[in-house]
Each structure stands twice: as C-alpha cells, then as structure tokens.
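Me: Hi! I have a model open here and would like to talk it through with you. Could you help me find my way around?

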Amino acid sequence: MTEILQETILAGIAGLFFWCATKRPEVRGGLILIGGFYLCMLIRELDGIFDMIRHGSWLWFALTTTVVCIALSALIPASTVTGLTDFIQHRSWLMTATGLIIILIFSRIFGMNQLWEHLMPDGYNREVKNLAEEATELLGYSVCFLSSVLYLGETREKFTALRKSWT
C-alpha cells in the first residue's frame with residue numbers, strides 16, 4: 001500500500017508539472033524539466049514492473065525520459081531558465097529540497113541493513129527496516145507533493161496575469 005501511494009504521488013507531481021507546462025509558455029521549459037525529474041523518480045520506483053521486461057530496464061526508460069525532457073527544454077531556453085529560476089526562488093523550493101533530502105539521503109541511511117542489525121542485535125527483522133524506510137520515503141514524497149501544489153497554485157495567477165499583459 002505504501003509503495004502504491006508513493007507511485008501515485010510521484011505520478012501526480014509529474015502530471016501536475018507537465019499539465020502546467022502546457023498552460024504556462026513563459027516557464028514551460030522549467031516545468032518540463034521538473035516534471036521529467038519526478039517522472040524519472042517514478043520510473044525508478046516502478047523498477048519491479050520494468051524488470052519483467054528485463055532486469056534493470058527501468059534505466060533505459062528513465063534515460064529516454066531524461067533525453068526527451070532535456071531536448072524539449074533546450075528548444076525553449078528562455079522559458080527553461082525563467083521556469084527553473086522562478087521555482088528555486090519561490091518559498092516552496094525549501095520544502096521541495098527538504099522532501100528530496102528525506103527521499104534521496106535520509107531514507108537511504110535509515111534503510112541501511114547495518115543500522116537495523118545494530119539497533120536489533122537479538123532479532124533483526126527486515127520487515128521493520130523496510131517499513132521504516134518506505135514510510136520515510138512516503139513522508140518525503142508527501143512533502144514534495146505539498147510543495148508542488150503550493151508552488152503551482154500560488155504562481156497560477158502570476159503567470160495568467162503575465163500572459164494577459166502580453167496580449
């Protein structure tokens with residue numbers, strides 16, 4: 001259940017950024033890169049499904065996603081720079097960075113077998129370790145989701161007004 005929630009959250013984040021990229025041409029390139037990043041994280045989370053094709057095949061799907069998103073963003077460099085700059089300068093960026101640190105660093109440390117073998121010397125239980133690691137990842141993904149909704153919601157009016165001033 002936890003992994004399904006993680007995957008749903010990642011799909012939601014990527015989908016939100018890609019959808020907003022279609023609506024906000026002034027920051028489209030940046031939103032494509034951010035959405036692509038979260039899509040690559042989703043592909044990695046779904047590695048068990050991709051292993052049915054061939055072990056480790058998730059990497060090729062993630063690389064393809066990366067190349068496509070970078071290529072699309074490279075075609076519109078001004079909106080890429082504007083989009084990434086706007087995102088990093090927004091107050092939700094610190095929340096995003098916190099979520100990514102929880103996912104990419106803390107959950108990996110928290111999920112180390114050696115740590116849990118030391119904490120439970122008389123009866124190491126891998127299920128407890130997995131539960132703690134997956135719950136920590138879910139926390140990080142939830143923080144990233146909330147920060148994404150905050151950023152995209154708060155900047156909606158800003159870019160709508162900017163677009164109207166151009167016309």
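Predicted model: local features only at pLDDT ≥ 70, side-chain atom pairs only at ≥ 80, totals over all residues.

Me: Good to know. What does the C-alpha trace span along its principal axes?
Reply: About 70 × 35 × 25 Å.

Me: And how much of the protein chain is buried?
Reply: Of the 167 residues, 40% are buried. As for contacts with a separation of 6 or more, 74% of them involve residues 24 or more positions apart.

Me: Let's look at some packing. At what angle do H2 and H4 pack?
Reply: Helix H2, residues 28–45, packs against helix H4, residues 58–74, at about 180°. Their axes are 9 Å apart.

Me: Is that parallel or antiparallel?
Reply: Roughly antiparallel, because the angle is over 145 degrees.

Me: Which residues make the contact?
Reply: From H2 you have Gly29, Ile32, Leu33, Gly36, Leu39, Cys40, Ile43 and Arg44. H4 brings Trp58, Phe61, Ala62, Thr65, Thr66, Cys69, Ile70, Leu72 and Ser73. By class, the contact of H2 with H4 has 11 nonpolar, five polar and one charged residues.

Me: I'm curious about threonine 65. Is it buried or exposed?
Reply: Threonine 65, which is found in helix H4, has a relative accessibility of 14%, so it counts as buried, the limit being under 20%.

Me: What does threonine 65 touch?
Reply: Leaving aside residues up to four places away in sequence, threonine 65 touches Gly36, Leu39, Cys40 and Ile43.

Me: Changing topic: how much space lies in the largest pocket?
Reply: About 230 Å³.

Me: Which residues line the largest pocket?
Reply: The lining consists of Glu3, Phe37, Met41, Arg44, Glu45, Asp47, Ile103, Leu104, Arg108, Glu134, Glu137 and Tyr141.

Me: Last one: how do the lining residues divide by class?
Reply: Seven are charged, five are nonpolar and no polar residues are there.

Definitions and conventions: Residues numbered from 1 in each chain as written. Heavy atoms only, no water. Axes fitted to C-alpha atoms, helices over the stretch in contact; angles between N-to-C directions. Helix = DSSP H or I, 4+ residues; strand = E, 2+ residues; numbered from the N terminus. Parallel < 35°, antiparallel > 145°, perpendicular 65-115°, else oblique. Contact = heavy atoms within 4.5 Å. Nonpolar A, V, L, I, M, F, W, Y, C, P; charged D, E, K, R; others polar. 1 Å grid on protein atoms, 1.4 Å probe; cavity = no way out; pocket = protein on both sides within 12 Å on 5 of 7 lines; lining within 4 Å. Points joined across faces, edges and corners; volume = space filled by probe spheres on them. Buried < 20%, exposed > 50% of the residue type's maximum accessible area, 1.4 Å probe, protein only.
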